[in-house]
Amino acid sequence: MGYLYEHGEGVPRDYRQAISYYSAAAKQGHATAENNLASMYENGRGVKKNIEEARRWYQAAAEHSEVIAQCNLASLYFRARDYSQAAEWFRSASQRGDPTAQENLAWMYYTGTGIGRDYGEAAKWVRFAAEHGDARAELDLGYLYEQGKGVALDYTSAYMWYKAAAAGGEKRAAGRLKNIQRVMTHDQISKANAAAEQLSRSLPKIDDVTNSSSIGNSFVDPP
């Protein structure tokens, strides 16, 4: 009922009613309700915005093994510049397969934010997210191949992942494709296009990977 009222599905949208139902379920230890209640507090929907209360409920849900809450909690810690806690919870969610957390953890490794810089670990985690269909992760994996960081330099693979990112709606991918074409042969571009077409058939066909909160940073942006 809380979800229906929050999103206006089958009933008029009513954030206060959503809060009431989420609170009732959260107080009984329902992990998804705890996460959703935290989101309401974080975004000030139906209640005054309260980051500390959001953190409290995300923490409860995360400790109940709610993977999306683990990523959301990590993002709160990241924005508060508590990078060690952010890395801990991004890692927990990443190990349980959350692609947004995987991309965020990869960015922390790539930039050395809160943890030691490690391009190999960045490549490992961003690949997991890219294979889940996360467009920003696809962009970043392409960038690693273009730069030869954490993976062997490979323009064909870079082009392939940039194409996947562009198809997924990542606007920055078009510029990366234009740049990399300048240093590729016609044969390389032809092979890359064929590889990209094959990749597109194997990737998940989804618009939004998760409801997890992203730190919103890409490898191609200045840290």
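This is a predicted model: local features need pLDDT of at least 70, side-chain atom pairs count only at pLDDT 80 or more; totals for chains, interfaces and linings use all residues.
## Helices α7 and α8

Two packed helices are described by the angle between their axes and the distance between the axes. Helix α7 spans residues 99–111, and helix α8 spans residues 119–131. They pack at an angle of about 160°. Their axes lie 8 Å apart. An angle over 145 degrees counts as roughly antiparallel, so α7 is roughly antiparallel to α8. The crossing of α7 past α8 is left-handed.

Which residues of α7 and α8 meet? From α7 come P99, Q102, E103, L105, A106, Y109 and Y110. From α8 come Y119, E121, A122, W125, V126, F128 and A129. Sorted by class, this contact holds 11 nonpolar, one polar and two charged residues.

## Salt bridges within helices

The whole structure has 10 salt bridges. One of them joins E121 and K124, with the closest N and O atoms 3.4 Å apart. Both residues sit in α8, three residues apart, or about one turn of the helix. E121 is partly exposed, at 21% relative accessibility. K124 is partly exposed too, with a relative accessible area of 37%. E121 also belongs to the contact with α7.

R55 and E52 form another salt bridge, at 3.1 Å from N to O. They are three residues apart in helix α4 (residues 51–63), so about one helical turn separates them. R55 is partly exposed, at 24% relative accessibility.

## The R172 and E170 pair

R172 bridges to E170, and their closest N and O atoms are 2.8 Å apart. Is each residue buried or partly exposed? R172 is partly exposed, with a relative accessible area of 30%. E170 counts as buried, because its 12% relative accessibility is under 20%.

Technical notes
Residues are numbered from 1 along each chain as its sequence is written. Side-chain values use heavy atoms; hydrogens and water are left out. Axes are lines fitted to C-alpha atoms, for helices over the stretch in contact, and angles run from 0 to 180 degrees between N-to-C directions. Helices (H or I, at least four residues) and strands (E, at least two) are DSSP runs, numbered from the N terminus. Angles under 35 degrees count as roughly parallel, over 145 as roughly antiparallel, 65 to 115 as roughly perpendicular and the rest as oblique. A crossing is left-handed if the near helix is turned anticlockwise from the far one by less than a right angle, and right-handed if clockwise. Contact means heavy atoms within 4.5 Å. Ala, Val, Leu, Ile, Met, Phe, Trp, Tyr, Cys and Pro count as nonpolar, Asp, Glu, Lys and Arg as charged, and the others, Gly among them, as polar. A salt bridge is a side-chain nitrogen of Lys or Arg within 4 Å of a carboxyl oxygen of Asp or Glu. Buried means under 20% relative accessible area, exposed over 50%, partly exposed in between (1.4 Å probe, protein chains only).
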